[in-house]
Amino acid sequence: MGRDANTLLELEQLRVYYNLRHGIVKAVDGISFTMKEKETIGLVGESGCGKSTLGLALMKILPSTVTMMGRLHFDGEDIISKSEKEMQSIRGSKITMIFQDPMTSLNPVMKVKDHFIEMIRTHIPKISEEEAMSMAAKALTAVGISESRLNEYPFEFSGGMRQRVMIALGLVLNPKLVIADEPTTSLDVNVQAQIIELIKELKRKFNMSMLLITHDLGVVAELADRIIVMYAGHIMEISDAIELYESPKHPYTKALLHSIPNTIIEDMDLSYIPGSPPNLISPPKGCRFAPRCDKAMKICREKEPPLFDVNGAKVKCWLYGDKE
Ligand code: SF4
């Protein structure tokens, strides 16, 4: 996989395995893609498909029972070989993560300003408190909160405002890559729309790249340039965002689009995907979606399909390939 000048992230056959007492859970099992600078990729799939594990793997914040293999390069640097100390200087300053539940990510006994000072001083130890406060005020204002609220505690903010604080904390050091893991899931619909608008505006202002992890295809439609659909640790489809909604190719993508109410597909019939995702300790031999796929053929149960090129998209399905 060649790296061009504006490639920010390169994954090649990345595997992330949890070594548990009862077996090895292959949460991310050989996935490859690249991300360009300033690009937003939506990573979608059902719970347990490996999307959040992938987000955590990019920042190397996984338990010690995890094994990472393959190639994972960020901004030309090999993340897998980095020590914990080296990762500490990357997390927060070059790659940052915005989590689903801001209340559990903010320390309830620390004022908002102290969260900022702690984050800034981890990366710029010699910075004066005055300079750190000025950076914090700028970041907070950028997300639409008055700097006067730096002196307040997290419980004094509403859910939406806390998520804004988390976003400001994520952006204060101007990272190259923001990983947002279900950033709107815990919020009510009105606040979700405001946060989506805010993220759109900040993307323009800060020129950042974003990996947006979500089960909500409505959220990615608003924000992503490309979409990656994951299922059972594999990438099933990579496509331009508009193309994915207008012409989904993989049977799982089609099923997923029809399983969650959205405003993108006109006159959609809502249906559920029968069955459940496979056990990732002993996944099916062929296509991992075969037990739930109404298009499954003999080969699907015997041989794992590669990612086929289909009109600019990549699709892991035998319907699009040479079955010989
Ligand atoms: Fe369905 Fe076969 Fe395609 Fe898998 S490879 S999605 S089982 S048609």
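In the predicted model, strand 6 (residues 95–98) and strand 7 (residues 177–181) run parallel and are joined by four bridges. Within this pairing, T96 has V178 of strand 7 as its bridge partner. Strand 7 is also joined to strand 8 (residues 209–214), again in parallel orientation, through five bridges, and here V178 stands opposite M210 of strand 8.

Strand 7 is mostly covered, with five of its five residues buried. In a regular strand the side chains alternate between the two faces of the sheet.

A helical contact is formed by helix 6 (residues 159–171) and helix 7 (residues 189–206), whose axes come within 10 Å and cross at roughly 20°. Because this angle falls under 35 degrees, helix 6 is roughly parallel to helix 7, and the crossing in which helix 6 passes helix 7 is right-handed. On the side of helix 6 the contact involves G160, Q163, R164, I167 and L171, which meet V191, Q194, I195, L198, I199, L202 and F206 of helix 7. By residue class, the contact of helix 6 with helix 7 comprises eight nonpolar residues, three polar residues and one charged residue.

Definitions and conventions. Residues are numbered from 1 along each chain as its sequence is written. This is a predicted model: local features need pLDDT of at least 70, side-chain atom pairs count only at pLDDT 80 or more; totals for chains, interfaces and linings use all residues. Side-chain values use heavy atoms; hydrogens and water are left out. Axes are lines fitted to C-alpha atoms, for helices over the stretch in contact, and angles run from 0 to 180 degrees between N-to-C directions. Helices (H or I, at least four residues) and strands (E, at least two) are DSSP runs, numbered from the N terminus. Angles under 35 degrees count as roughly parallel, over 145 as roughly antiparallel, 65 to 115 as roughly perpendicular and the rest as oblique. A crossing is left-handed if the near helix is turned anticlockwise from the far one by less than a right angle, and right-handed if clockwise. Contact means heavy atoms within 4.5 Å. Ala, Val, Leu, Ile, Met, Phe, Trp, Tyr, Cys and Pro count as nonpolar, Asp, Glu, Lys and Arg as charged, and the others, Gly among them, as polar. Buried means under 20% relative accessible area, exposed over 50%, partly exposed in between (1.4 Å probe, protein chains only). Two strands pair if DSSP finds at least two bridges between them.
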